[in-house]
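Colleague: Hi! Could you walk me through this one? I have a few quick questions.
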4 protein chains.
Amino acid sequence: MSLNTFGHLFRVTTWGESHGPAIGCTVDGCPSGVQLSEADLQPWLDQRKPGTSKFTTQRKEPDEVRILSGVFDGVTTGTPIQLMIENTDQRSKDYGDIAQAFRPGHADITYHQKYGVRDYRGGGRSSARETASRVAAGGVARAVLAQLVPELRISGYMVQMGVQGIDRARFDAAVIGGNPFFCPDPVAAEAWAVYLDELRLSHNSVGAVIEVVATGVPAGLGAPLYGKLDSDLASAMMSINAVKAVEIGDGMAAATLTGVENADEIRMGANGPEFLSNHAGGILGGISSGQPVVVRFAVKPTSSILTPRATINARGEEIDLITKGRHDPCVGIRAVPVGEAMMACVLLDHLLLDRGQTGGVRGRIG
Amino acid sequence: MSLNTFGHLFRVTTWGESHGPAIGCTVDGCPSGVQLSEADLQPWLDQRKPGTSKFTTQRKEPDEVRILSGVFDGVTTGTPIQLMIENTDQRSKDYGDIAQAFRPGHADITYHQKYGVRDYRGGGRSSARETASRVAAGGVARAVLAQLVPELRISGYMVQMGVQGIDRARFDAAVIGGNPFFCPDPVAAEAWAVYLDELRLSHNSVGAVIEVVATGVPAGLGAPLYGKLDSDLASAMMSINAVKAVEIGDGMAAATLTGVENADEIRMGANGPEFLSNHAGGILGGISSGQPVVVRFAVKPTSSILTPRATINARGEEIDLITKGRHDPCVGIRAVPVGEAMMACVLLDHLLLDRGQTGGVRGRIG
Amino acid sequence: MSLNTFGHLFRVTTWGESHGPAIGCTVDGCPSGVQLSEADLQPWLDQRKPGTSKFTTQRKEPDEVRILSGVFDGVTTGTPIQLMIENTDQRSKDYGDIAQAFRPGHADITYHQKYGVRDYRGGGRSSARETASRVAAGGVARAVLAQLVPELRISGYMVQMGVQGIDRARFDAAVIGGNPFFCPDPVAAEAWAVYLDELRLSHNSVGAVIEVVATGVPAGLGAPLYGKLDSDLASAMMSINAVKAVEIGDGMAAATLTGVENADEIRMGANGPEFLSNHAGGILGGISSGQPVVVRFAVKPTSSILTPRATINARGEEIDLITKGRHDPCVGIRAVPVGEAMMACVLLDHLLLDRGQTGGVRGRIG
Amino acid sequence: MSLNTFGHLFRVTTWGESHGPAIGCTVDGCPSGVQLSEADLQPWLDQRKPGTSKFTTQRKEPDEVRILSGVFDGVTTGTPIQLMIENTDQRSKDYGDIAQAFRPGHADITYHQKYGVRDYRGGGRSSARETASRVAAGGVARAVLAQLVPELRISGYMVQMGVQGIDRARFDAAVIGGNPFFCPDPVAAEAWAVYLDELRLSHNSVGAVIEVVATGVPAGLGAPLYGKLDSDLASAMMSINAVKAVEIGDGMAAATLTGVENADEIRMGANGPEFLSNHAGGILGGISSGQPVVVRFAVKPTSSILTPRATINARGEEIDLITKGRHDPCVGIRAVPVGEAMMACVLLDHLLLDRGQTGGVRGRIG
């Protein structure tokens, strides 16, 4: 099956291929009466847009989003919101080679195996171009969250490129937007520029780790046991192209802790419970605790590289393949705004779900 | 909201609390005509059963599963299968302390915040006791898989306890069932026995990493883009109690690789494509490739420990809390059969989904 | 596929066969903090219980419901509520004949065709016995509605038996509970007793029309365009055994009206809009208007009769079949509490859905 | 909530308003490898297109559908298919009156009550214009059905306009396409032309009954108990604008039958079971029997009429309202292709569902 919808109440259905006439998504279940225009969405798309530095694909796409439905007189009407982004830079070329060959590490072969046919132009449906639709939908979610939970903030950034991690001691939120890597460590950002340039020029690519943090998330969000907030975040992040792992809070490192170390002790603050640490990443039993929600995910290196790799084609012939074209040397970079968008969609979805079941009433403490 | 169903076509709905009269699940969408009896399910439950060694909770539960519907004359009828497990060891005790206090690192506080009320006996709905239902459902999935894909095998084991990992060079599948840890490395298993005993006696607990591998998985399973096989596995594993991270294939380490390293090169074998490595963990673009499907997940240490931790109660009073009771010092151990069960359910679900859309026909190679 | 769950947020999953050990359902997504015990559910089950008059099946079932989960200290916890009803009167008999034969007008043949196997004891999963689970779930929905919308009332009754309709001029809600037919017309009730006795003694059965009305339903419920309130009611009522048609408001008769006749004119009352008629049955554009929600459904006659009918068996042999056993001469009678239960579940589900998206805020008039 | 997706595996998500820039839908879960182009869809849209006779709205819309994704090299790829229809005839006008007034019998008031805001231009989202998207999606379903079940045929027609029904003795499938009413009775068609002209000129409108029949439907389709084929058809048809009732087989008349009359007796034919009558409308226990699937639905009269009706506006003022504009005097006419489209979508969805669970294997008879 193909299944191109995510979310329970706030539901996003995406469509479109890399080199078709357009891509887009339908955002359904959005609350009504929220101010929304293209101008609210475009800044998020501009963050993900290709061609903004030499470290991303040189494809030139304006990624201008149009709202085709669901908004009237400047506010959402509660009916489905259609967002469309036209593909403008569909360079005409001969796809003869790649049309029959399977790039190692790429979905080419599995799409062929599953469907028996695939749109090979630029990766078709498996292209990361689809994530532009997610970013647009995330913009809608942000506009709603801004009205319902004004104190909520979402921040994504890269914490590791290849083997080079950031130094948390140098974490500076102010520099995230000031370098091509969404890197919060200014020293690492400079080192990454050199590192990635070398990789790019040697016809190689590299992986990355992205962290997305949401603060101001109300306690009580999550639908245990199978719509837990962390389960849904894991599913959302893992669905992003090239993601191979998702961590909540301490993530894999939680395995190395003892129970004494891992316990986030609780004190009573002026406005309710306060935790002395956040190993849990803001989620306990699948429900938000009011602490920052912390998610990390690993992005594998781009599989489309100029270095020849051994593979086969659809006729079963063994070949060596070089993938020409305009590819990101570190696809993780542009995954940062995508991860933020998925966080926004999941949080709003759970806010609506929780409001549906509980009416938003909370168990008192103190 | 609470959402206690998982799966698209093969759907499992679980119910029940740790200290209620019973727990169980409804398995819906199961193919008809599959031989099934309690005897097919019980061995899997026995693997997860508490009290099998000094390294698991000393609660004594026979965990005997009864089939109440959906099976007639020894075969499944295609109608919902109800599986019920009675709780027998519900030790009568005074829950006065824990009823009002929130264990640090536990879902006590978030259930209270969300629902305003919680069944505090043994953790209620947030107890890992619920995973017995998953194992029972997984047993049904295995029976169906055995008929539809006889060559498919699922194997789970622990690869790390706290800071101690296994040595992959000593990997021996034959020893997994012969130690209390589902450990494939006989040397590590002995070390872990000493290590965990010390932790237990010092009133502490510890985390773990579990790996589950499925071989013989047909190519073509997965429902991109939002029902990708890896997304659904991530959601399934993250929904298990205490899990904080999920990895596919190389997982977090994929971030450290270059594109040249990460490319699983392909050659043509006698029976179709053969991959020279498996960084991808058997999944490309959210679709199985025919390689082994490899999932790992990290389990945090048990939060119920005998060491006092700072916390608060529902009245907002600051207290120090010791959690008495019969708790697993390493809850990761019993997560092994649970992870296997979730793998079985997800794979069968995707097998049915794929058959629905494509009829099981595959794109030919060669 | 089999699909045994209904509802979006308030979800009911039923299981069990007519002659298995038990039947039941899981009620998921229920708001927490609602007082609930078996005593709240049993009265509704008693209304549907077999054997209460000579006009229903003589099978003797106490239909005692047990709550196995989701309720603690007398209130719902927000976690799944498991309701179980044991089957006690599973008369041991030789099913040799019916096991291989297909009753005309019955699901015997289609279950065989679809699943290749069926539980033939008492109709198995296709038996109307399953509706006891719906009535139990409806009892939970009513308890929640009583807290959230205290003024809401649901009333079901039979308006037609075979060719004999009620006289609306004699409608008296007070007599509905005082005759074996849930009939609101005391004269018709007496006539039906004679009519049905004759049919029963001549080894025949007969159909019926049931009407269910909900008053006090807030305006604004419904999830257009594919979760419209009337769509969901149609689906819910059509899913009841033997139902062949569903009408909203004027129903089929709406086709005979002109636009001038059909317009429910609106005036401004003290508490908002007031309608001068209710051809619409309280639903416009799939959304409740605040008027009474009016649903009717037709129930076909019981197919299990003592008069021989031509049919075939699984070996393809042509036979004449008489269905012995304890069957309802007018299965429509016991469909009345079932229709009420479905109405309760659908309304609560939409109340929660609406609260999720809109927060329950309403557009003002005046 | 709004919920704009229908279907389980073959899922259609529609979007767009009457007077926005475009309307459309995403068709997800479609099998791959099916030949499809705009030319396959356009003929169905042309049947529903406005302005084809004086008996439908005089709005002029070419209703040209574009395929934006999911089709490559002339065949479906298994990925989401986006269908878009631009709105061209959005006559600029002053909506001052209708913007604040609620047409009696129309969804104006309930959209206002639910969402607090509505797109009043031409009815916005509640306009029957949305059904063009359904017809386009139905065209995709038909293309797939033509490949999977070539013998399946779907035929819709009008059997009643206002108080005037057809004479079944004069039923002639060949004349359905030859009159403006999709009427299978040539005498009735002429009478209706006179009848509707009178109603139209007297500023009135009228209701209708549509029948849709599918022949060649395989036995075994349907997902009991809550995805029964008849439940899903009821939901699908009731979701069409202005529909107030849905019947399967004998429908409401089934209530008047005795069990002896209602039993569709079965004989053994050359190719399997043959039924001597079809009171059931081809569905038993929610599963198709192989007989023709027969559905009827009642469409209420258009509420937008030129005769003044008493109503209120959003300020709560009582007014008399005349609805100017270009409205269908009998909206039931254009509901015929819509009903066919919904039948096609539901049947394909259940074909895929059934194939998923059972693999399409059938229980043998004989």
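Colleague: In the open sheet of chain D, what is the order of the five strands?
Modeller: In this predicted model, the order is β1-β2-β3-β7-β4 in chain D, and the pairing is antiparallel.
Colleague: Which are the edge strands?
Modeller: They are β1, residues 5–6, and β4, residues 65–67, of chain D, each pairing on one side only.
Colleague: And how many bridges join β1(D) to β2(D)?
Modeller: Two bridges, with β1(D) running antiparallel to β2(D), which covers residues 11–16. Across that pairing, Phe6(D) is opposite Val12(D) of β2(D).
Colleague: Nice. Which strands does helix α1 of chain D touch when it packs on the sheet?
Modeller: Helix α1(D), residues 38–48, touches β4(D) and β7(D), the latter being residues 81–86. The helix direction makes about 155 degrees with that of β4(D).
Colleague: Last one: how many residues lie between β17(D) and β18(D) in their hairpin?
Modeller: Five, and Gly316(D) in the turn has a positive phi of about 85 degrees. Four bridges join β17(D), residues 309–312, to β18(D), residues 318–321, and these strands run antiparallel. Ile312(D) is opposite Glu318(D) of β18(D).
Colleague: Thanks, that helps!

How values were computed. Residues are numbered from 1 along each chain as its sequence is written. Chains are lettered from A and ligands numbered from 1 in the order in which they are written. This is a predicted model: local features need pLDDT of at least 70, side-chain atom pairs count only at pLDDT 80 or more; totals for chains, interfaces and linings use all residues. Side-chain values use heavy atoms; hydrogens and water are left out. Two strands pair if DSSP finds at least two bridges between them. Contact means heavy atoms within 4.5 Å. Axes are lines fitted to C-alpha atoms, for helices over the stretch in contact, and angles run from 0 to 180 degrees between N-to-C directions.
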